[in-house]
Amino acid sequence: MSLYIGLMSGTSLDGVDGVLVDFWAGAARTMSAAYVEFPQALRDELMALQAASPNEIEREALAGNKLAEIYADCVAQLLAKADMKAADVRAVGVHGQTIRHRPELGFTRQTNNPALLAELCGIDVIADFRSRDVAAGGQGAPLVPAAHKALFGKEGKTRVLANIGGIANISLLHKDGTVGGYDTGPGNVLMNAWITRHKGVEYDDNGAWAATGKEVPGLLAALLAEPYFALPAPKSTGRDLFHADWLDARLAPFSGAPAEDVMFTLTRLTAVSLAREIAPHGSDAVYVCGGGAYNATLMRELQAELGEATTVQSTDALGVPPNRVEALAFAWLAFRFGERQAGNLPSVTGARGERILGALYPR
């Protein structure tokens, strides 16, 4: 066996997904999966660290320590579920929590304490995957298309994988073997912010609240006027751009709109911005992963935008539950590091060439 663990905590700030994967003879077999929710205090602190604030260096370090403890808990659960020992696992690939992503300034920052994680779980830890790609002139994101190609690509078929987390990104797996991909814009981040403000919950369960609303005339066009949507690839984005203040500035002329109508329009924003990028590639099927795959209203709107010729379904159809795909990708990136093989795709990130991604923290 060739066992690796992948840990992923994304822009939605809800918790960490983990998978234990056996990469053997060219296959990837998931041995166990686990999810550990973040405590509210940590979510609040990670959200606050998205912007400049007092004493942020110390506060980020402490948040990184707490994250390492939660990651270690997830690792322990994965090992217990698979009846494996730490010594059986070659490495843990951990993304960390992005608090700044500014590739145009030459940096990206994922909060974590991988040294502490290695100490706590007794396994080699591979972390900081994005920095090397940024150092090579790339966006450092998205990194998952390389894994998607290896795990889900099929010769003679054009497939699109749409990851709808806080931010949405696509992997374009062309039938000739070439790969493209980039961040399309907001996924759940604006929807989550809006429902938290008005309902006090963290997300729109199954898109139920959005389904009670209708599109606000003119609002979708105002949102889509954001210059990011018109930028050519390679491109990546995050909370540095799409946040509550960004939304409020564009909502100002629509202050009388019912909250549920705004929610439906934000759902449409994610669906339309995704569909506009997917449609030109002539894919037969779009496979959705991330939290957005569990939003029936969003999935319905995405299908409506793409039309009947393109099937929209979750990655369950490919044998991987939507909430495991990103963690699986970071297990694969750790595997690639272990094999001293490149983990990025310059055609996706814009880097000057292929690079081995990650930094090793030995057990």
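Pro234 is found in the loop between helix 7 (219-224) and helix 8 (244-251). Helices (H or I, at least four residues) and strands (E, at least two) are DSSP runs, numbered from the N terminus. The peptide bond from Ala233 to Pro234 is cis, with omega near 5 degrees. Pro142 sits in the loop between helix 4 and helix 5 (144-152).

The model is predicted: local features need pLDDT of at least 70, side-chain atom pairs count only at pLDDT 80 or more, and totals for chains, interfaces and linings use all residues. Residues are numbered from 1 along each chain as its sequence is written, and side-chain values use heavy atoms, with hydrogens and water left out.

The sheet comes next. Strands of a sheet pair through backbone hydrogen bonds, either parallel or antiparallel. Here, two strands pair if DSSP finds at least two bridges between them. An open sheet of six strands has the order 3-2-1-4-7-13. Its pairing is mixed. Strand 3 and strand 13 (359-361) stand at the edges, each with a single partner strand, so one side of each lacks a neighbour in the sheet. From one strand to the next, the twist averages 20 degrees. Axes are lines fitted to C-alpha atoms, for helices over the stretch in contact, and angles run from 0 to 180 degrees between N-to-C directions.

Strand 1 and strand 2 are antiparallel and share six bridges. Leu7 has Gly18 in strand 2 as its bridge partner. The hairpin of these two strands has six residues between them, and Leu13 takes a positive phi near 65 degrees there. Gly18 also stands opposite Ala34 in strand 3. Strand 2 and strand 3 (residues 27-37) run antiparallel and are joined by 10 bridges. Trp24 pairs with Ala27 in strand 3. Two residues separate these strands in their hairpin, and Ala25 in the turn has a positive phi of about 55 degrees. Ile126 stands opposite Leu360 in strand 13.

Helices pack on this sheet. Contact means heavy atoms within 4.5 Å. Helix 3 (residues 114-121) touches strand 1, strand 4, strand 7 and strand 13. Its direction makes about 160 degrees with that of strand 7. Helix 2 lies across strand 1 (3-8), strand 2, strand 3 and strand 4 (89-94), and runs at about 130 degrees to strand 3. Helix 2 (residues 56-82) has 27 residues and reaches 38 Å from its first C-alpha to its last. This is close to the 39 Å expected at 1.5 Å a residue. The expected span is 1.5 Å times one less than the number of residues.

Most residues other than glycine have a negative phi, and most peptide bonds are trans. Asn55 has a positive phi of about 55 degrees although it is not a glycine. Asn55 lies in the loop between helix 1 (40-48) and helix 2. At 47% relative accessibility, Asn55 counts as partly exposed. Buried means under 20% relative accessible area, exposed over 50%, and partly exposed in between (1.4 Å probe, protein chains only). Asp83 follows helix 2 and has a positive phi, near 55 degrees. Asp83 belongs to the loop between helix 2 and strand 4. At 69% relative accessibility, Asp83 counts as exposed.

Aromatic rings were examined last. Rings of Phe, Tyr and Trp (its six-membered ring) pair if their centres lie within 6.5 Å; planes under 30 degrees apart count as stacked, over 60 as edge-to-face and the rest as tilted. By this rule the count is eight aromatic pairs. The ring centres of Phe23 and Phe335 are 4.8 Å apart and the planes at 15 degrees, so the pair is stacked. Phe23 lies in strand 2 (residues 15-24) and Phe335 in helix 11 (residues 325-338), so the pair ties together parts that are 312 residues apart in sequence. Phe23 is buried at 6% relative accessibility, and Phe335 is buried at 19%. Phe129 and Phe330 have ring centres 5.5 Å apart and planes at 65 degrees, so the pair is edge-to-face. Phe129 is in the loop between strand 7 (125-127) and helix 4 (130-135), and Phe330 is in helix 11, 201 residues apart. Both Phe129 and Phe330 are buried. Tyr228, Phe229, Phe242 and Trp246 form one aromatic cluster.
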